[in-house]
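Visitor: Please pick one part of this model and take me through it closely. I would like the cut-offs along the way.

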Amino acid sequence: MFGETSGQKREPSMMRSQYAAEDQETYVSLKFSEGGERYEITRSPSYTRISKRRNKNGEYSAVPVPAKASLLLPDGSEYPGNLRDINQKIQGIVGVDLNQFSQIAMIAQGDYLRLLHASSRERKEIFSRIFNTGIYSRIQLKLKEQNNLFYDSLENNRRLCFHELENVVLLDESTYLEPWRELLDFKETRTEEIQKLLGSILAEIKEKEQELSEERDHRGKLLSEVEGQLSRAQEVNRLFDGLMQAKARLDILEGQKEQWLQIEEKLKEAVRAEKAKGPEHQFLDKKRDYETAIKRAEKLKKELEEITLTLASAEKEAKKSREVSQEEVPRLSVFIERLNEAMPLYGRWKTIERASLDKKREEEEAGQHFHRIEAELFLLKERLTANEARQENLEEGARSLPEIRQRKTVLLERQQAMEDLEKAVKAGEAADLKREEYQEAVICAQKDYEQAEAHYNDRFREFLALQAGIMAKELADGAPCPVCGSNHHPLKAELIEGAVTQEEVEQAKKARNQAEERRSQAVQTAVRALEVCRHLKELLEGEEEKWFGTSFPQDQLHVRLNDERASAGMLLREVEKEEQKALESERLLKKLLEERKEDRGKLAELELKKEETMKNWQQKQLDRAAAAAEADHVKKLLPYPKEEEAMGKLAGFKKRKEELLRAEEQADKRFQYILVKEKEGKGRLASEEENKETRRLALGQADTAFQSVLVELGFLKEEDYHRAKQAPEIVRQWEQETGNYEKELLKARTVYGQFKEQTKGRERIETEQWKGQAEALKEEQKQLQIREARVTAIGSRTLQAVQNLERLWKERAQLEEKYRLYHTLFQTANGKMAGSVSLDFQTYVQRQYFNQMIHAANKRLDVMTDGQFLLQCRDLETLGKQGEVGLDLDVYSMATDKVRDVKTLSGGESFMAALAMALGMTDIIQSTAGNVSMDALFIDEGFGSLDEESRLKAVRILQELAGGHRLIGIVSHVTELKEQIGKKLLVKKTEKGSRILWDLDVLPDGI
């Protein structure tokens, strides 16, 4: 069915027959029906066969063949999908997984004691999966979270209150310092007293602020009065200071009066001397004219002497220039004529020289071309050699490309698998939420059904109780009674008025059936949701096993998936880099192969070009030698090596001839020019002598007139005139300064008179006393402001702390109320209430299912043991306080009226108890899971531990079950048991393996 062995102690591959050939595939087929439809599943275990081909070492290797499965559906088609898909489809058809099937429909060999001896923790895990009681565990966890949340909030509130209390600052002189220190030791217990005292502290601070403000205002008024007195005294003292300054200024000006009288006298003489300036200027002008005439006459005499000397020199130079010209000019003319005749040879020589240079250049170009080809040929050979080594490296890099792509494919598959796993986790979480909703609907439908069932039963019982009255109503004398047969009916039963009618019973039954239908639908929906969750969970666990080798809790799985995605992404990026590198190597290899092919073609071409250029170079060398020989022959005929030198010599000769002729001409012209200048100089000198005499006579007349004016103005000597004479700007300055002095003196006398009038009858006032008082009052006012600011800051800080404390105390009251509620719920749900058993909410609910199982098991155990003992859930009073308890199993002995541990049962008793528990668990599971219908029970061994009587009773109970609607399968080696079983599937061993056959007897159906 599920592809696993009974008890899961052996691997499925161990089911392969040892007699089968190595390459033969073995299989087993199972046909079963579910919901009236037939299915057939065929499974082949995994095995190892020999390969059909040899490996690279020439040997045959072992090839693993995986397990296979095939599922035929009722319509005859084969279900598509792999092994995992088929296993999930089987779970969907049957309604349970392998573990649940083992608990419900199979008692495996050696495993029946597990159910009896399991601890409360183990039963809790089993029941949680079977009855979906995980919701109660989540309720416990949610209550714990809320309890811790409000506890942490209370602790934070308490710390904030302590912090705010530390922020409260009192005045240094406060009368509440000692009470406040005492209350701070009782922050938690004396909150009301702290609140009252804080109000008093705030009032004290406010009162202190008012007091300091009034004191500051009083000091301000005193300061204003003192500053007024000081201002008035300073005003009087300023008048006396002004009087002293005016007196000092007047004394200074009076002391300068003699000095200004002297300046006025000098000013008068300067004005008198100003009248003689006209004659003085005329005398000075005539004097300057006479002196200028003397200088010009002297200058002309000196110039005439210089011209006479220059004339003699010019005459001598002109004579010498004529002699040199007559000697050199004929000889230079001959040289010039010869050079003019030789100049055409230079043109011919240049033409031949250019041709020679062209030949030389062609030879050099041919040589360079040859060397270039030779160098290119060398480089090409070097490149071919280097590319050969490079080709090996690139081939090695390109060969790794398939392996890299394979790794990349694996990583992409793993990355996609991680994303699919993440989607599966999210889908599983969403399915869990749906499952919880449907389970809540099942609970509600169950309650409605129970109410409808109770109502129907009540109506039905009432209706049966009233049947006598209904039959008596129809009886008549002479008609036989359907109960006793009498024809006389002296005391007929009476029909009570308002009794339950059959119609009402039918209506109640109909309502009960409708409620049962709704419950069935709700259960089916919940079971489908449960199966979806289980299916998704198994898919997820399968994928986890595939990729991680194990499964993880939900929170760890998210972390693992994130780590795996990050790791896969990092490895994928590295592989992609390697792939790019390999692709680049492959691309470069192709390019290199093309280059090598092209280079080999170029190598042949260059070898041919090298031969051709060598021949061309040699021919160019011969042509250059012939041109050079012709150029040397023409060069020997030239008067000078270079044409430029010859032209330079020719130009030099022509220039020298022209210079000589020009020098002769210039020397003669200069002599004639100087001769003319000598005649002009003699004439100008005679004229200047006459002008000098005229100027001397005019000077004498001007001097006489000037001396006459000085005598008239009262200057006895010319020196007195020059001392009195002043510059015009100095005269203007003296006039302005004397006027300003008179104005300043008048102003000083006026100011002094005004200050004298204002201070008349007054005295200077001492101000140091007023200044001292003002400074003292300012300092007092400053200190008051500092104190007031400090008190205000203390008041503001304390007021803020009080407001925060009021808010925090209010929050604390609300938090404490919520904490008490959730703490009580948390303690109760987790079994932590003082004086009570440590029984949590989930265990309490599971205990109800457990009691139902035990009750169903005891019905059969009572028959099998003749009422010797019964199973019972351990009483709450006897449960331990440590660990998880509440689902412990005990045995109650009917003979001794005592309770003992279930582990004290013997082997046979334990088997009967386990069989009864398995049957009881099957009943309860099927009653709580409406879509699970398990009509078969398989028992693997265990009957060998029973005595004959116990075995007969156990088989009888199983026959009763088989006689109903169940199929009971027993795997046993007990010979006596074979006689009690009618339908037997026998296993016979032979030399070629085992075979099976049916042995059918006439016994109750199903066994």
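Guide: Start at Lys247, which is partly exposed at a relative accessible area of 36%. Partly exposed is the middle class: buried is under 20% relative accessible area and exposed is over 50%, with a 1.4 Å probe and protein chains only. This is a predicted model, in which local features need pLDDT of at least 70 and side-chain atom pairs count only at pLDDT 80 or more, while totals for chains, interfaces and linings use all residues. Residues are numbered from 1 along each chain as its sequence is written, and side-chain values use heavy atoms, with hydrogens and water left out.

Lys247 has a salt-bridge partner, Asp251, at 3.4 Å from N to O. The cut-off here is a side-chain nitrogen of Lys or Arg within 4 Å of a carboxyl oxygen of Asp or Glu. Because Asp251 and Lys247 are 4 residues apart in helix 7, about one helical turn separates them. Asp251 is partly exposed too, with a relative accessible area of 39%.

So much for that pair. Now follow its helix. Helix 7 spans residues 191-255, and Arg219 has its place there. Helices are DSSP runs (H or I, at least four residues), as are strands (E, at least two), and both are numbered from the N terminus. Arg219 is partly exposed, with a relative accessible area of 23%. Leaving aside neighbours within four places in sequence, Arg219 is in contact with Leu777, Glu780 and Leu784. Contact means heavy atoms within 4.5 Å.

Is Glu204 buried or exposed? Glu204 counts as buried, because its relative accessible area is 15%. Residues up to four places away in sequence aside, Glu204 touches Leu171, Ser174, Thr175 and Tyr176.

Next, compare other salt bridges. Helix 6 (residues 177-184) holds both Glu178 and Arg181, 3 residues apart, or about one turn of the helix. Their side chains meet in a salt bridge at 3.6 Å, N to O. Glu178 is partly exposed at 48% relative accessible area. Arg181 falls in that class as well, at 49%.

Helix 9 (residues 277-399) has Arg288 and Asp285, which are separated by about one helical turn because they are 3 residues apart. They form a salt bridge whose closest N and O atoms are 2.1 Å apart. Arg288 is partly exposed, with a relative accessible area of 46%. Asp285 is partly exposed at 35%. Elsewhere, Arg874, Asp890 and Asp901 are linked in a network of salt bridges. The structure holds 15 salt bridges.

Finally, the setting. The chain comes to 21 helices and 13 strands. Of its 1007 residues, 34% count as buried. Among contacts between residues at least 6 apart in sequence, 76% join residues at least 24 apart.

Strand 1 (residues 28-34) and strand 2 (residues 37-44) pair over 7 bridges, in the antiparallel sense. Pairing needs at least two DSSP bridges between two strands. Phe32 stands opposite Tyr39 in strand 2. The two strands form a hairpin with 2 residues between them, and Gly35 in the turn has a positive phi of about 65°. Strand 2 and strand 5 run antiparallel, joined by 5 bridges. There, Thr42 has Ser70 of strand 5 as its bridge partner.
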